[in-house]
Amino acid sequence: MRTRKQKIILTLSILSVIFVLAITGVYIFRDALLQKAIVKVKEKMDQDYDSNFTVKLAKFNGLTGVELKDVVLKPKHADTLFRIESMKTTVNFWHLFTGNVQLGSLDAKNGYVQLVRNANGRNFDAFLPKKKETTSDEKTNYAELAYRILTNALNLVPTDMKLENLSLKMDDMGKKAQLNLKTLTLEDKQLETAIQVQTNTFTQRWKIKGFADPRNKQADIRFFNIDTGRIKVPYFDERYNLTAGFDSIRLNVENIDMDGDELHIDGFTSIANLHVNHEKIASKDVVINNARFDYHFLFGESFIAIDSSSTVLLNKMKFNPYVEYNNEKDKIYKLKIALPRMKAQDFIESLPEGLFTHFEGMEAEGTFDYRLDFEYNKDRPNDLVFESKLNKENLKILKYGEADLNKLNGSFVYRAMINGKPQRPILVGPGNPNYAPLSEITPYLRKSVLTTEDPSFFSHHGFINQAFKQSIIKNIKTRKFSRGASTISMQLIKNVFLTREKTLSRKLEEILLVYVMENNRIISKERMLEVYFNIIEWGPNVYGIGEAAHFYFQKSPSQLSLNECLYLANIIPSPRKFMYQFNDEGNLRNFAVNRDKMVRNIMLRRGIITSEDTIYELPIMVSGAARSFIRTKVVKDSTAVDSTSIEEFNF
């Protein structure tokens, strides 16, 4: 009988013979197998993607080398998507044998990828991923999916590579951009490229250079311009009217590692001298001199996150972000920002140039730290968490920038902006005969306006947290900025110091200026309210309560009745449309009467006024110049009212 050792040797010998025969068989029939694989690809492209896939020549070179010539992928009813004249590659045999494709080398030249959108559609639509129908129990394991995609992608990056004359062409309804890869070499883990960029608006030469090790999942590369000037971002200028440029970008990947059930990706990226310009961002270039992001991405079974160990450096400002999407139970989005204690002056100097123009030149002393905690549950939106906290120490403004908040304490000239055009100058101060000090304005107006515009004006510090939360919820649901949460403080800053343009810059400046004004005791609440009453628009070319009282009722602000004050308070959102609240006889329409009654009842319920205040109150009677606007307006149907006007005036 054979011994156990002899049996093992015999088994191994048989397996070795089978293995050698298998390899020999593959080697002998490899060209036939290659042609069969190409036929399968052709059939798949034809049946699944309605496209023609052709290869003029396909053969093996050696045991693992493959050579292809004139490879073309063309949708049947659209422009060619892909074409390459010559491509040679080697495949790691052992990985191929185990079903894991890993390229060893790649030599390719004279080819292009072309993305086209025209009147007939897009030539790549058939290749876009289709949305899969999933049951409520099916969930993606983000860690496994990301690791599989990254591993497969990196395996397709050769360790040795030489590319020549390859292009990426884009034609979006005549908006064209072409990136010509003149050369790309990867040898001994050193990557170097030469790229020429050509669009309808500019031509540039770029270079990418650095370290790349796809097998160990590491890289450190720089992207910069060979020519003078900044690198310009192509296509976006024509497609989205967004111009952007930068001096250089650096991308570093230090680690991609599957640790248990979590995928960790670590590294950093930095950008120098970034310039961005878009009408929705700011009225001029936004400039960030230096920015760096040291990232630690986490992928789990049911979450994707940027860990709080990540840091963002923006000029002199450094903070730790935490961002997470989690769908373990509900779909939850989280954002947390921790800004460690820093000097106030360093913060001011770190603000992106062009984004905070009213802070340029400002000087401050003291320090502060900041925390933001935001959480949105898509399945339970009303449970939104929004907590913002700033802790300051010896914080003091030494010098103001363009927006000198101190001017609100004295006389100044105000000019409203409508459609970008400055209106007539209004002197805010005793030198104006229509100016009304707060003591000479009836308390009814103050009570009415505070009820409709900002009930907690005297207790908040510029912002109403609950209103802010509701605004965020509404904006997320509608996917647009459909609702604001403006307090009187915010309206005052917006009117006196800022333009009416709807840009990110203006909104951010509004928030910061309100915070500075409200939290540094620069202006008293009473003075804020007094200035507010004397600058806001109450009708067409009617500014300040002094003008408004005469325009509507031929009275002084101290003589206004409760009903007249309720009416004035309710037209603040759209004062130029006041005439649509009246019928042909000059009386308030029912919707406006009911609106004013509702506000009056709220004031009664809150104890702001008493029942005695409502005694002898008569319907309002417009007797001033406003009456001519009511007479001359054209109303086709005396019972019909502009629905938009009703919505805007409805409390």
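At 18% relative accessibility, Lys 217 falls among the buried residues of this predicted model, because buried here means under 20% relative accessible area. Lys 217 sits in the loop that runs between strand S9 (203–213) and strand S10 (218–225). The backbone there is worth a look: although Lys 217 is not a glycine, its phi is positive, at about 55°. A second residue other than glycine with a positive phi is Gln 554, where the value is near 50°. Gln 554 also belongs to a loop, the one between H12 and H13, but Gln 554 is exposed, with a relative accessible area of 56%.

Stepping back to the whole protein chain, the model contains 16 helices and 27 strands. Of the 651 residues in the protein chain, 42% are buried. Among contacts with a separation of 6 or more, 58% are between residues 24 or more positions apart. The largest nonpolar core holds 129 residues, and the members that touch the most others are Phe 533, Trp 538, Ile 545, Tyr 552, Tyr 567 and Leu 568.

Leaving aside neighbours within four places in sequence, Tyr 552 is in contact with Trp 538, Tyr 567 and Leu 568, among others. The list for Tyr 552 also includes Ile 571, Pro 575 and Phe 578, as well as Met 621, Val 622, Ser 623, Gly 624 and Ala 626. Tyr 567 and Leu 568 themselves are buried residues of H13. Nine of the nine residues of helix H13 are buried, so this helix is largely enclosed by the rest of the structure.

Two packed helices are described by the angle between their axes and the distance between the axes. For H7 and H14 the angle is about 100° and the axes are 10 Å apart, and the two helices are therefore roughly perpendicular to each other. On the H7 side this contact is made by Lys 447, Ser 448, Thr 451 and Thr 452, and on the H14 side by Val 599, Ile 602 and Met 603.

Helices H9 (residues 488–497) and H11 pack at about 55°, with 10 Å between their axes. This pair is therefore oblique, and H9 passes H11 in a left-handed crossing. H9 contributes Ile 488, Ser 489, Gln 491, Leu 492, Asn 495 and Val 496 to the contact, while H11 contributes Lys 525, Met 528, Leu 529, Val 531, Tyr 532 and Ile 535.

Also in helix H11 (residues 525–535) is Glu 530, which counts as buried at 14% relative accessibility. The side chain of Glu 530 makes a polar contact of 2.8 Å with the side chain of Arg 527. Beyond neighbours within four places in sequence, Glu 530 is in contact with Tyr 435, Ala 436, Pro 437 and Leu 438.

Two further sites complete this survey. Ser 51 is placed in strand S1 (residues 51–61) and is buried, at 1% relative accessibility. Its side chain reaches the backbone oxygen of Tyr 49 at 2.8 Å. Not counting residues up to four places away in sequence, Ser 51 touches Met 45 and Asp 46, the residues Leu 73, Lys 74, Pro 75 and Lys 76, and also Phe 127.

Lys 284, in turn, is found in the loop between strand S14 (262–277) and strand S15 (286–299), where it counts as partly exposed at 41% relative accessibility. Although Lys 284 and Glu 353 are 69 residues apart in sequence, their C-alpha atoms are 9.5 Å apart in space. With neighbours within four places in sequence left aside, the contacts of Lys 284 are Val 276, Asn 277, Gly 354 and Thr 357.

Terms used
Residues are numbered from 1 along each chain as its sequence is written. This is a predicted model: local features need pLDDT of at least 70, side-chain atom pairs count only at pLDDT 80 or more; totals for chains, interfaces and linings use all residues. Side-chain values use heavy atoms; hydrogens and water are left out. Helices (H or I, at least four residues) and strands (E, at least two) are DSSP runs, numbered from the N terminus. Buried means under 20% relative accessible area, exposed over 50%, partly exposed in between (1.4 Å probe, protein chains only). A polar contact is a pair of N or O atoms within 3.5 Å; within protein, one must be able to donate a hydrogen and the other to accept it, and residues adjacent in sequence count only if both atoms are side-chain atoms. Contact means heavy atoms within 4.5 Å. A nonpolar core is a set of buried Ala, Val, Leu, Ile, Met, Phe, Trp, Tyr and Cys residues joined through side-chain atoms within 4.5 Å. Axes are lines fitted to C-alpha atoms, for helices over the stretch in contact, and angles run from 0 to 180 degrees between N-to-C directions. Angles under 35 degrees count as roughly parallel, over 145 as roughly antiparallel, 65 to 115 as roughly perpendicular and the rest as oblique. A crossing is left-handed if the near helix is turned anticlockwise from the far one by less than a right angle, and right-handed if clockwise.
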